Amino acid sequence: MKPFNNILVSNSSFPPSAASTSTPSTASAFLFPSFKYFPSIPTEILDSTDAGTNLSTFVQAYLLPKKLSAMSESLPEVRKAELTRKPELESAFADVVDLDHSPVILICGHGGRDMRCGVMAPVLENEFRKVLGDKGFTLAGRGDHTIDSPGHAHVGLISHVGGHKYAGNVIVYIPPGMRKKSSSSPHSLAGKGIWYGRIEPRHVQGVVEETILGGKVVADHFRGGIDRSGDILRL
């Protein structure tokens with residue numbers, strides 16, 4: 001996982017959706033905390049004189065900061081413009097899907113430097129899939145290519161999120177339109193991402209029931225959180 005303008009870019013194990021038009025030169029991606037899914041993003045970085053959509057277009061449209069920090073005030077205006085997001089380029093990605101209903105569970109599976117996450121992650125992935133399935137959720141990657149619908153969930157492995165000593169590291173993103181189970185009430189954690197550490201298979205049932213279904217944070221495992229505006233959450 002690599003930092004980019006305070007954004008973490010991670011590889012994942014999620015399969016492309018049925019709507020994806022991914023090719024060897026494109027990739028699909030989830031974007032948080034914006035809660036968006038992109039079926040096809042060009043992975044080529046073309047020269048600025050080349051026409052058409054490319055990876056730089058995506059970076060400028062969605063990843064660059066909306067506003068630069070005070071430390072950038074001395075930069076020339078042209079340079080500031082280059083480093084600032086350009087919302088008008090969002091129209092180049094007309095197939096973007098807003099995630100409103102389907103929770104996304106990300107598990108650090110990085111094992112190249114420290115095997116703790118690499119060993120724990122596949123076990124946790126299987127356990128989350130089992131528990132969510134028992135709770136009536138449909139799951140991506142089992143012949144179901146749904147991206148967003150009530151009662152559907154995504155569970156996948158991602159690269160490093162920091163803190164191998166906290167393995168298993170789990171991030172739970174609750175979409176803004178999700179409701180509490182068997183209720184019309186808004187989910188208390190809607191639009192937020194909750195980061196947990198030291199999650200073992202025996203804790204998965206509690207995370208699903210308390211956080212995903214009940215809208216409560218499991219304080220003993222809480223490492224932090226983020227809301228849709230990018231603000232950090234604390235207990």
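Biologist: Okay, what's the bridge partner of Val170 in β10?
Modeller: Tyr196 is the bridge partner of Val170 there. Bear in mind that this is a predicted model.

Biologist: How many bridges join β9 to β10?
Modeller: Five, and the two strands run antiparallel. Another facing pair is Val172 with Ile194 of β10.

Biologist: And Tyr196, what's its bridge partner in β11?
Modeller: That would be Phe222. Strand β11 covers residues 222-227, and five bridges join β10 to it, again antiparallel.

Biologist: What about β6 and β9, are they parallel or antiparallel?
Modeller: Antiparallel, over four bridges. Ile105 stands opposite Val172 of β9 in that pairing.

Biologist: Is β9 largely enclosed or open, and why?
Modeller: Five of its five residues are buried, so β9 is largely enclosed by the rest of the structure. Val170, Val172 and Ile174 point one way, while Ile171 and Tyr173 point the other way.

Biologist: Let's talk cores. How many residues are in the largest nonpolar one?
Modeller: It has 28. Ile105, Ile107, Phe128, Leu132, Val170, Tyr196 and Ile212 have the most contacts inside it. The elements giving two or more residues to this core are β6, α3, β8, β9, β10 and α4. Apart from that core lies another, of 16 residues, including Cys108, Ile147, Ala167 and Ile171.

Biologist: Which residues does Leu132 contact, leaving aside neighbours within four places in sequence?
Modeller: Leu132 touches Ile105, Phe137, Leu139, Ala153, Val155, Val208 and Ile212.

Biologist: Where's the kink in α3?
Modeller: At Ala121, shortly before the proline Pro122, and the kink is about 30 degrees. Just after the helix, Gly136 takes a positive phi of about 95 degrees.

Biologist: Which residues of α3 are buried?
Modeller: Cys117, Ala121, Leu124, Glu125, Phe128, Arg129, Val131 and Leu132.

Biologist: Switching topic: in what order do β3, β4 and β5 sit in their open sheet?
Modeller: The order is β3-β4-β5, with antiparallel pairing. The edge strands are β3 (26-31) and β5 (97-98), each of which pairs on one side only.

Biologist: Which helix packs on that sheet?
Modeller: Helix α1, residues 55-63, which touches β3 and β4. The direction of α1 makes about 155 degrees with that of β4.

Biologist: Last one: how many bridges are there between β4 and β5?
Modeller: Two, with β4 spanning residues 36-42. Lys36 has Asp98 in β5 as its bridge partner.

Notes: Residues numbered from 1 in each chain as written. Predicted model: local features only at pLDDT ≥ 70, side-chain atom pairs only at ≥ 80, totals over all residues. Heavy atoms only, no water. Pairing = 2+ DSSP bridges. Contact = heavy atoms within 4.5 Å. Axes fitted to C-alpha atoms, helices over the stretch in contact; angles between N-to-C directions. Bend = angle between axes of the 7 residues up to and from the residue. Buried < 20%, exposed > 50% of the residue type's maximum accessible area, 1.4 Å probe, protein only. Core = buried A, V, L, I, M, F, W, Y, C linked by side-chain atoms within 4.5 Å.
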